Amino acid sequence: MIQTLKRFLLTEKTPSIQIMAYIFSGLTVATVQFTTFVIGMKLTVGQYLHASTLAFFVAILTSFTLQRYVTFAKNSKRRLHTHYSILLFVINSGFSLVLNFIIMYTGVTLLSLNSFATQLLSMVILAMYNFAAYRFIFK
């Protein structure tokens, strides 16, 4: 399974600097998302789905900025492409939000897992999926 993920995510066209930039951007977004989730849990008195959704939207804004202007900046210079990439990014983010909701609901409600651990698991799964999606969106 790891080899399949490697082949899917990494090709000879994936420069190592882009992977490092994605990891840096991803760690930044993960920090923002998890911090917002923790704050959201306090503000919503433990309503994990509300906190997770709030954190997800804050992370989307942070992620688009970093992915567009740091990780994939070399790939997306044209103005028309920017509008197209925003549209695709929003559509992908909606799909990712649904996946995040499913993972959180399944982990916390159905499997009785810790909400913080489930949020971290969701972030890891979505990071792998989004790397592949962003390579297409920002090409």
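Is Val98 buried, partly exposed or exposed, and what is its relative accessible area? In this predicted model, Val98 has a relative accessible area of 46% and is therefore partly exposed, since that class lies between the 20% limit for buried residues and the 50% limit for exposed ones. Val98 belongs to helix 4, which spans residues 79-110. On the surface, Val98 is part of a nonpolar patch together with Phe101, Ile102, Tyr105, Leu110, Leu111 and Leu113. The accessible area of these residues together is about 660 Å².

Aromatic pairs number 9 in the structure. One of them joins Phe64 and Phe89 in an edge-to-face arrangement, with 4.9 Å from centre to centre and 70 degrees between the planes. This pair links distant parts of the chain, as Phe64 lies in helix 3 (residues 48-71) and Phe89 in helix 4, 25 residues apart. Phe64 has a relative accessible area of 15% and is therefore buried. Phe89 likewise counts as buried, because its relative accessibility is 3%. Through ring pairs, Phe64 and Phe89 belong to a cluster with Tyr22, Phe131 and Tyr134.

Phe116 counts as partly exposed because its relative accessibility is 31%. Leaving aside residues up to four places away in sequence, Phe116 touches Phe34, Phe37, Val38 and Met41. Phe34 and Phe116 are 82 residues apart along the chain, and their C-alpha atoms are separated by 8.5 Å.

Definitions and conventions: Residues are numbered from 1 along each chain as its sequence is written. This is a predicted model: local features need pLDDT of at least 70, side-chain atom pairs count only at pLDDT 80 or more; totals for chains, interfaces and linings use all residues. Side-chain values use heavy atoms; hydrogens and water are left out. Patches are made of residues with over 30% relative accessible area and no salt bridge: like charges are joined within 9 Å, nonpolar side chains (Val, Leu, Ile, Met, Phe, Trp, Tyr) within 5 Å. Accessible areas come from the Shrake-Rupley method with a 1.4 Å probe; for residues, only the protein chains shown count as cover. A salt bridge is a side-chain nitrogen of Lys or Arg within 4 Å of a carboxyl oxygen of Asp or Glu. Helices (H or I, at least four residues) and strands (E, at least two) are DSSP runs, numbered from the N terminus. Buried means under 20% relative accessible area, exposed over 50%, partly exposed in between (1.4 Å probe, protein chains only). Rings of Phe, Tyr and Trp (its six-membered ring) pair if their centres lie within 6.5 Å; planes under 30 degrees apart count as stacked, over 60 as edge-to-face and the rest as tilted. Contact means heavy atoms within 4.5 Å.
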